[in-house]
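User: I've got a two-chain model open and would like to walk through how it is put together. Can we take it piece by piece?

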Amino acid sequence: MSMEEKQNSQTSLDFNQNVFKPSSREEIVEIVKNCYRKNIPLEINGLKSKNKIGRNFQSEKTLDLSNYKGIIDYKPEELYIKVKAGTPLKEIIEELNKNNQQLAFEPNDFGYLFSGESNSGSIGGVVSCNFAGSRRFKVGSVRDHILGFQGINGKGETIKSGGTVVKNVTGYDLSKLISGSFGTLTILTELSIKVLPKPETSKTLVIKNPHLKKALDYLGKGLSSSTDPSGGVFYPDYFGKNFVLNDLTHEGGLTAIRIEGPINSVDQRLNRLSKELGLLDQELSILDNEQSNIFWNRTKNLEVFKNLKDNLLRIVVPISETLQVIQKFKNYDIKYFIDWGGSLIWASFDQLNIKILNEIKDIVKKHQGYITLIKVDEDLKASADIFTIDPIKYKISEKIKRSFDPKRIFNPGKMYTGI
Amino acid sequence: MSSLQMPKVDSAIMSEKDRIASDLRGIINSKNVLSSPDELRPFETDGLTAYRQMPLLVVMPETVKEVSQILQYCNQNKIKVVPRGAGTGLSGGSMPLEDCVLIAMGKFNKIIEVDYENRCVVTQPCVTNLAITHAVQDKGFYYAPDPSSQIACSIGGNVAENSGGVHSLKYGATTNNLLGIEVVLMDGTITRFGGKAMDAEGYDFLGLMTGSEGLLGVITEVTVKILKSPEVVKAALVGFPSIEDAGNCVAQIIAEGCIPAGMEIMDKALTKATNDYSKAGYPTDAEAMMIIEFDGTEHEVEAYIGKAKEIAEKNNSSSLKISKSNEERLKFWAGRKAAFPACGVLAPDYMCMDGSIPRGKLAEVLNEISRLSKKYKLPVANAFHAGDGNLHPLIMFDANDKESLRKCEEFGADILKYCVKVGGALTGEHGVGIEKRELMCEAFNDKDIQQQLTIKVALDPNSLLNPGKVYPILRKCAEEGRVHVHGGKTKFPDIPRF
């Protein structure tokens, strides 16, 4: 028996299989060490809710982390939860609900887009993609809530950074670096995440308005006011009918601003907000707590794009640029809605091809933004860049990749060629 | 003074001082290259005054291009570089090395753009933290992170250290309020991470750079988000008969779903010292005193203050005062903010520690500190950012007595080790610098540290940028010094600390 075989025989792992489904950290370490030695690339998966996002790449083996799950430690009074990376987000949210707490960054559920039903994925996937929901401008992104992690680097070494306390400046903040790295730097094993109390109530001011310019004006004023909103979206006319709610009879375009907190305060702020925006009674509706939650869940779940046949692009620009960017998109047949109080555009383009895509990219770049291809057809996926990067950052990214994963065995090419 | 091992001095560089100065004068305005001892003296230390070292040279660039050319030159000639902002850091992050070129960023002192539409400010790095708020407050905005030294500390330094402040529980530290930076890498590369559009794609280099203590790049521009000032701010001053009661009160306030803007605890020793110093009206008979501050709309603040009051009473509060005016609220804080000079009255010297602990461990950690205080026969006073678990014990000693200093340093190291043991961190907001460098192996194992070092090597292969900081030299776990204050005086005695 060779040394390698001896090592492998320590666990029940069969290295001839194509999909590994480890349930312990030791197994993951062994798999990675083996792949490191033999130069075998690994595709890393959680619950596959977002695995269609990113470039296609060749990998001999798949590491499926869906069995590596469970809540390790949850301390509501310390405002953190420590979980294994393969834990379903749903399970974490259910646990937090018991203590009236939440993950304030309300991550997107891409299940509706890709498969027509909810699949909020695993927490490891949520962190690896770093796509935050509507509270982004108020509470930060996913990465802002990661207190610490444990992971396995490309050599099979277990590394950690951060901890469970909110204030910690000991060493480089690697929790930030692994957030949004699409599994290309480490295999996440444990995550310590900041949790926050759920607001006592959430209400939403919905303004009947089909015009983008007016909507951005409302959102800008709302977000710059002391009423402290926690969500701001605009849906054009064609999406209005997706929100049939008791308190919302209007079916056309709408601007919605969410206010959260103690009940008295929410009412006071809603009142002030509608006055500051100069709204007449007939122009607005107020969604109560339950309906407000339904509304923002649908937004978070991208439900207006449920079962979308076409493509979906995620475009982020400074708020000041949104109007001009959308105006320039008028040359194309486009369906979009706007989140993050004006700076996130979710857009689907009819007849998207590489030429149109490059034109769109140019527009976005000129307006200091960036664009991520969330869903595109396979032809386009093969020829287009899913993420954009400039040569300097590419060079730095290459070096950082090598420092974690010297043989490029983790999701090689998922973000960029050569990384 | 404790000896501190720093990277080996390059004698070839030392002997080439005049040539290097002359070369640098060819790159930037010659009057911005300082080389005489009198000119170098002001840069020999930062806020960690226990350690002093004159640099080889000081350069004061005026443009990003100059910063790039200086770094390129130093990289090519293998000259160590130490970046410096306002020099108020408390962990020795900008302490010079004998053979280094110190880049003093003081001339980068202008706010470039105030952008209300995108609710952000673009600024040069040596603008002070408070100046950002000053620039936007007439329109009712402010910049949230508020390290106590905000009147003097630079925003670039805040980014390098990921500075916090008393309001970081609700509003986060620097990293959570930062949108973008322009940075120059050791090889002279100029690049931007982040910008006015949130969450730039790709690896989060903005997050990596923040808190990297000047080891990965020199920051030349900063974009921060600004917030609308809250309509109402109110504080409650609460006395407790025991630390346990105060600790339980903190835990229950959080558990009830209230997130205060700030929540501070001081022990009896510090309450008395600060009250004597600033006549803040503190309950000096209480074993622990807490300031809880809420902000928001009137109804919101009233609701939370009411809830906090109820919880405090349930936890045996011995006194409770709610601010009736902004003046009264500021008076509550005046004592807390004067903790440094107030302690100067108690002992000739003291060291300020900075550890982070789970909130629920407060009583346990303070009991341990009190046990250690008896063991080392050195008095201690404690301030605590209770909301986010950041503890600042102040150990009294006499620097003229070598044995006293040695004991103080050992005491301090024991406290930090205990913080790690209960699940906390070595540093909550002051950074590792040279101060806690040798304690890093308490928090991390070799593999963890090695991973961090490979990142350093990836961006600075010759380890020329701020070497000898953050990571242990030879990985020995010795006990090093802390923020040392003599006679209540730091280098800038009038700047509020921690």
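User: How many Å separate the centres of domain 3 and domain 4 of chain A?
Analyst: Keep in mind that this is a predicted model. The domain assignment of chain A puts domain 3 at 201-300 and domain 4 at 303-383. Taken over C-alpha atoms, the distance between the centres of domain 3 of chain A and domain 4 of chain A is 24 Å.

User: Which element gives the largest share of the side of domain 3 of chain A that touches domain 4 of chain A?
Analyst: The contact uses 16 residues from domain 3 of chain A and 12 residues from domain 4 of chain A. On the domain 3 side, helix H8 (212-223), strand E12 (231-235), helix H9 (237-240) and helix H11 (289-300) of chain A each supply at least two residues. By class, that side divides into 10 nonpolar, 4 polar and 2 charged residues. The largest share, 6 residues, comes from H8(A).

User: Staying in chain A, what is the order of the strands in the open sheet of 3 strands?
Analyst: The pairing in this sheet is parallel. Strand E1 (19-20) and strand E2 (42-45) of chain A each have a single partner strand, so they stand at the edges, with one side of each left without a neighbour in the sheet. The order is therefore E1-E3-E2.

User: And which residue in E3(A) does Phe20(A) stand opposite?
Analyst: E1(A) pairs with strand E3 (residues 61-64) of chain A over 2 bridges, in the parallel sense. Within E3(A), the residue opposite Phe20(A) is Leu63(A).

User: Over to chain B: how many of the 6 residues of strand E18 (residues 380-385) are buried?
Analyst: Look at the two faces of E18(B) in turn. Val380(B), Asn382(B) and Phe384(B) are buried on one side, and Ala381(B), Ala383(B) and His385(B) are buried on the other. The strand is largely enclosed by the rest of the structure, because the buried count for E18(B) is 6 of the 6.

User: Which residue of E18(B) is the bridge partner of Ile265(B)?
Analyst: Strand E13 (residues 262-267) of chain B runs antiparallel to E18(B), and 3 bridges join them. Ile265(B) has its bridge partner in E18(B), namely Phe384(B).

User: In the hairpin of E18(B) and E19(B), which residue takes a positive phi?
Analyst: E18(B) and strand E19 (residues 390-397) of chain B run antiparallel and are joined by 6 bridges. Ala381(B), for one, stands opposite Leu394(B) in E19(B). The hairpin has 4 residues between the strands, and the positive phi, near 75°, belongs to Gly389(B).

User: At roughly what angle do helix H9 and helix H11 of chain B cross?
Analyst: Cys249(B), Gln252(B) and Ile253(B) in H9(B) meet Ala308(B), Ile311(B) and Ala312(B) in H11(B). This contact has 5 nonpolar, 1 polar and no charged residues. The crossing is right-handed. The axes of H9 (residues 243-255) and H11 (residues 298-314) of chain B come within 9 Å and cross at roughly 140°.

User: Last one: which element gives the most to the side of chain B that touches chain A?
Analyst: The contact takes 74 residues from chain B and 68 residues from chain A. The chain B side has 27 nonpolar, 32 polar and 15 charged residues. Elements giving two or more residues to that side include H9, H11 and helix H17 (446-459) of chain B. With 8 residues, the one that gives the most is H17(B).

Conventions
Residues are numbered from 1 along each chain as its sequence is written. Chains are lettered from A and ligands numbered from 1 in the order in which they are written. This is a predicted model: local features need pLDDT of at least 70, side-chain atom pairs count only at pLDDT 80 or more; totals for chains, interfaces and linings use all residues. Two strands pair if DSSP finds at least two bridges between them. Domain bounds come from an automatic or database domain assignment. Two residues are in contact if their C-beta atoms, placed from the backbone, lie within 7 Å. Ala, Val, Leu, Ile, Met, Phe, Trp, Tyr, Cys and Pro count as nonpolar, Asp, Glu, Lys and Arg as charged, and the others, Gly among them, as polar. A residue is buried if 20 or more other C-beta atoms lie within 10 Å of its own, exposed if 12 or fewer, and partly exposed in between; C-beta atoms are placed from the backbone. Axes are lines fitted to C-alpha atoms, for helices over the stretch in contact, and angles run from 0 to 180 degrees between N-to-C directions. A crossing is left-handed if the near helix is turned anticlockwise from the far one by less than a right angle, and right-handed if clockwise.
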